[in-house]
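Biologist: Please give me a close look at one part of this assembly, the place where the two chains meet.
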Amino acid sequence: MNRTIYPYPVLRGRTDVEVTRVRLDGVELEFAGIGISQRTVALAVAGRDEWQEAAIEIRAELPETEIADGPWSELVCVAVLEEAATNVRTVHRLTKDRGSGTWQGTVRMARSRHHSRAGLRVQVVATVGGIPGRRIGGSESDWVLDLHAKAPQREQESPAVVEVDFRDGPHSWLRPMKDAPWFVDTAGGDMPVVYLNQAVEGLTTLLSGKGGPAAKATAALAGAKIESDVWEAMFHAAVGDVEADEEGRPRMPTGWRESVLQTMLPDVLPGLSPSDAIVEFSARREEGYGWAELQSRVQYAAALRAQLPKQLANAMRATVRPEGEDR
Amino acid sequence: MGVATRHLNRAILSGTEHPPQVALLRAAQPIADPSPRWDTGPVRVLLDQAMARYATDRAAADAWLAPRLHATLRLTRGEAADKGLWAYLALVVAPDYVLWRHIPTGTDESRRAAVVQAARFAGANSVQAFARLWWAAEMFRDGADYRPVEVACSNQDVLNTALRLDIMEHRPTAMAVLRVLQQLTAGGAPRPGDQVNSLCRAIGIAGSTLMYETLGPDQLPDERELLLWIDEADSAPPAPWERLPDGPDDGEVPAASVAALTRLFENINEHLGQLRDRRGVATGV
């Protein structure tokens, strides 16, 4: 709630939210499924896939002393569960626990209403200056409830890698590219997929990195180049999915697209906040100015993410040293 | 999805060529569930009927088709979020319908060859030819009652913008917006669609400081009823053509919440009206 200016008093103190317990159809989820530092719950932990309802117990801590002295009345604290892909936003009221002073409640999540990952946050609402229902505060970062994750990890933006024969394999659309060592496919709706071409002899052996230091360094270099291509593809896929909000301003996407943009935009358009950078990027795409320069910056940012400079240096050292010429 | 977009070229988008059925079928992921609810036959029948009924006014087909498509293609929201499903319908089952409904007509476009936007075949659920109707029905139905869906889908402005707005994810808000739209239409307001669009924008802006969910709370849908209804797809008769089908009886939108939000939105709309009038006077229009 810090960046926006509200025309009425809002909470300055922090609101924190924590998931304390999760039950899937009444059976407790292992504690390993709840990642407190990652703020993530892995709902597919231990292969439990057939559940219908998750009951998520949460606890929120509000700046109580500030509330006690403040101009707010009829204060309500609610948990908001949402997933854009299924147009779902459900709101659950929390109740204040007299003993601990925290707000607690159980959020019920129906599996059929969700697709991949839902966000969970807390919102504080009160009557201010005679107007009910004002938003006066909330948790700053969402918890992520991941339906398909087996372990609570936040940044799962690594795409799937498929080893396939481009020339004689099952995917006829890869045939025209039979000489390409790899192809990053972003045309799908979700994460990009990297196809490695088994028709290129020795490629998969090379990438497995078996052998001496030179082979290892070459594998790492090729891997970094592929990774750099992937970052670039993901960046463009993410930017391509930026939608406009009610006022026509580009809106930050969610999920892996958000994390890709958040990590790469500072290198693509330095000096701008990610949300400003999106506006700038979209404007340049539409109007065309500075577009070519931006492409180079995207490549640069992707190479940085993929540690291409480091792997290149390592590869050069590893291939030069055995000759023993500089000693 | 990937395969779908790869096959969308100009010839297909303009209707001069059919999508390559064999290649698409080979690339499509089969659905493991053997239930007859995945049978596309009944959907095909519905689409043929829609084209026959609305041959002269294709936009009007949306309000007829949306509830019937929803009642025929019984899905959970999780299943309907899969864009591949909708791309399959558009490219394999009924490319002719997508062309019929969305190929541009009129003077501006006739200079260039008319093509359908690729996203009508494979794209966001607020744009894709069938996903937009299914989701409109899902978000505007009042439990088993599809009447609000007809109201929402008979106004292209509502149908085109509403699915993109987060505020519509709250059922009482969606119902209240439709109430205001109905009042405007009944009162003979000029271009009610435009007015509703600016109202939606204003509601969205006010929603950054007001939480409609606490002003007009909703109830969680009855999950068991919904899943039961989906299971009944196997034995249910086809959706009726002349009267509205019944949706899943998973809970009505609380009337008190809709009433409270309707009052609030009427107020907002009145303010907008005053702003419009003032602007009109200032520019001498």
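With which residue of chain A does B:Glu169 form a salt bridge, and how far apart are the closest N and O atoms?

Modeller: This is a predicted model, in which local features need pLDDT of at least 70 and side-chain atom pairs count only at pLDDT 80 or more, while totals for chains, interfaces and linings use all residues. Residues are numbered from 1 along each chain as its sequence is written, chains are lettered from A and ligands numbered from 1 in the order in which they are written, and side-chain values use heavy atoms, without hydrogens and water.

The partner of B:Glu169 is A:Arg89, with 3.1 Å between the closest N and O atoms; a salt bridge here is a side-chain nitrogen of Lys or Arg within 4 Å of a carboxyl oxygen of Asp or Glu. Two salt bridges are found across the interface of chain B and chain A. The same interface holds 16 residue pairs in polar contact, both residues at pLDDT 80 or more (N or O atoms within 3.5 Å, one able to donate a hydrogen and the other to accept it; residues adjacent in sequence count only through side-chain atoms on both sides). On chain B, at least two residues each come from α1 (2-6), α6 (77-80), α10 (131-140), α14 (192-206), α15 (212-215) and α16 (223-231). The largest share of that side, four residues, belongs to α1(B). By class, the side of chain B that touches chain A has 17 nonpolar, 11 polar and nine charged residues, with Asp, Glu, Lys and Arg counted as charged, Ala, Val, Leu, Ile, Met, Phe, Trp, Tyr, Cys and Pro as nonpolar, and the others, Gly among them, as polar.

In extent, the contact (heavy atoms within 4.5 Å) takes 36 residues from chain A and 37 residues from chain B. The two chains bury about 3,100 Å² between them, 54% of it on carbon and sulfur atoms; this is accessible area lost on assembly, with a 1.4 Å probe, summed over both parts.

As for chain B itself, its secondary structure comes to 17 helices and zero strands, taken as DSSP runs numbered from the N terminus, helices (H or I) of at least four residues and strands (E) of at least two. Its C-alpha trace spans about 60 × 55 × 35 Å along the principal axes.
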